[in-house]
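I opened the model to look at how the two chains meet, and then at a few features within each chain. My notes follow in the order in which I looked things up.

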Amino acid sequence: MTLAPADVAPQEPSAATGSARGRGGLGAYAGRRLLTGVGTMFFVLVFNFFLFRLLPGDPIALYTRGRNMDREQLRELRRNLNQPIGTQFIDYLRNPFSSGVDSTQFSRPVWDVIGDYVWPTVVLLSTATVLSAVIGIAIGIRGGWKRGSTFDRTSTGITLTLYAMPEFWLGMVLLILFSVGVGPFPGIFPSGGTITPGLDPWSLEGILDQAWHLALPAATLTLAYLAEYALVMRSSLVDETRQEYLVTARAKGLMDKLVRRRHAVPNALLPTITLVFLNIGFVVSGAITVETVFSWPGLGLLSYQAIRGPDVPLLQAIFLLFSLSVVVANIVADIVVAAVDPRVRT
Amino acid sequence: MTTTTVVPKSARAVRRIRRRAAVGRFWASFRRERGGIAGLVILAVFVLLALTAPLLFSADHLKVTEATGAVLAPPTSGFPLGTDESGRSVLALVVWGSRVSLLVGIAATVISMAIGTLVGIGSGHFGGGLGSVLERVTDWFLVIPFLPLAIALATVLGSSLLNVIVVIGVTSWPGTARLVRAQTLSVEARPYLERARVLGGGHWHQMSRHVLPNVMPLVLANTTLTVAIAILSETTLSFLGLGDPFRVSWGSMLDSAFSNGAISAGAWWYLLPPGLCVVAVVLAFTLVGRALENVLDPRER
């Protein structure tokens, strides 16, 4: 998580200096952006390769910690790791997604294991991202437009407090309140999992039951993330209120509501939309702890199990997957923003 | 000689007077930021608590073998915040935990600021090859998601207090570097740098005597915000079991509370205090950071 105001400021010069339509259209920009994106991906691959190899200690011991391997497997592994580093690197680049070592906890190829855990994470994170963006932006618009109002001061206070909370702690507090129950109030939400065992996931009852299970973890992540969106939306709307085109709009006799909705908000939305995409890296981080607290069987819980093992091959694969998805999200964000706002195509 | 002459002040004295006046002006405008003052007060309380922890509770309170209380017992007069899973006083743990959390937060921030400032100034100052390489590297590290990277590093390095500090320090600098780079570029465009270059000032002279002092205020505001993030990161890493297993921190308390069934036991007294402390300290650093930004950023006036 980074803090909103610090994050937005440096974006402004690039937006301001980019001459409109100066260096070709959207296609050319997207091409350049894809190229640097590929460069970044290559860096992630290289980094992933060396991170787990160049550090001190016996790599065999690191890879096989907490697991009994038979002698034949060990010999095979040692032969691979004893090859020249260049050969190993080329082998790795040919197929970065096969580490040659199975997950030490599941004794299956790591990508097979990961495949089973992707879907619940996608459901949880997309629900939380959409909800937190919508609620956060709405709060930010209301607070930023009437700067210094009671609503603004209260909402800024609440969002700053939410921002200061570790997500998993918020999750545990919600669990005690709504799942375990406090005093005379019984818990009404399930304490973990995605579905009550024995229900058919595609029946009506099953779908409602899954929504019931999703409610608490999704609420936790939504509360944790909306703070940043609200703060960024507020500060970028405050910046817009100083612009002269708003004076023009008012001078035309437009109602305050229309000045806000048609002129200020569309311009102020841009940094926030960028942030929603860029935040995928932080969203992923939150998922690791929150899924653990709610026993939500996604990649976050899998990461936790891999840490506790420790299951290094699995950890390495998860690191690669998370990093690459964030790089892709960044490229998409930049191209989407460039499509909306020609000023940033530099 | 009997006549008193006005002794011209030395350059050093003039500088001291100017500096004192600048600090005075800064404090006058900072004092008007209510949030910033509230943050400072909260921080003072926690720093005092961390420094006096050994006087308030002897280190024996942390030993599982010396624990006298019942297991996971709610607050009583002897244990104002109840006990943990081995019968230790939660109050003593929270007070001692503040030491590790603050230490990690501040030490990691120092590392992160040093790397961020160095890379940021370097990439802004040196055009051409070195500058663009540094900028690229910053961008690369910026996109790698923080927690997965920190987890990978912590797993490979092993868990100790120093490693937690290093892991948080070396993963949280790219934001600062980007900020410092932008500021460096704007400082470098000013005439007095041209003057320094014309007079034959070398790269080191330009960067250390002209760029750095002008970038420092921004770095200062950014530092307080980074401490907040570093403390949150420490809490998260310790919760995941990647902290120092032999030291109590707020994060490791939340880890043991979670692992030992404090939730299903409804042991709110074990769960709330460390979490509320994290919220208070992180919020305080954030408030101070925002107040500093308001004071230092002319746009906000």
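I began with charge pairs across the interface of chain B and chain A, and the rule finds one salt bridge there. I count a salt bridge when a side-chain nitrogen of Lys or Arg is within 4 Å of a carboxyl oxygen of Asp or Glu. The partners are R308(A) and D255(B), at 3.1 Å from N to O.

For the record, this is a predicted model, in which local features need pLDDT of at least 70 and side-chain atom pairs pLDDT 80 or more, while totals for chains, interfaces and linings use all residues. Residues are numbered from 1 along each chain as its sequence is written, chains are lettered from A in the order in which they are written, and side-chain values use heavy atoms, without hydrogens and water.

I next looked up polar contacts between chain B and chain A and got four residue pairs, both residues at pLDDT 80 or more. Such a contact is a pair of N or O atoms within 3.5 Å, one able to donate a hydrogen and the other to accept it; residues adjacent in sequence count only if both atoms are side-chain atoms.

Which element gives the largest share of the side of chain B that touches chain A? I found that α11(B) does, with 13 residues. By class, that side of chain B has 34 nonpolar, nine polar and seven charged residues; Gly counts as polar, and Ala, Pro, Tyr and Cys are among the nonpolar ones.

I then took the contact as a whole (heavy atoms within 4.5 Å). Chain B gives 50 residues to the contact and chain A gives 57. The two chains bury about 4,700 Å² between them, 77% of it on carbon and sulfur atoms. This is accessible area lost on being put together, with a 1.4 Å probe, summed over both parts. W140(B), V156(B) and R290(B) supply 12% of the area that chain B buries against chain A, more than any other three residues.

Over all chains, I find nine salt bridges. One of the pairs is D152(A) with R234(A), at 2.7 Å from N to O. D152(A) lies in α8 and R234(A) in α10 of chain A, so the pair ties together parts 82 residues apart in sequence.

Last, I checked the fold of chain B: 11 helices and zero strands, as DSSP runs of H or I of at least four residues and E of at least two.
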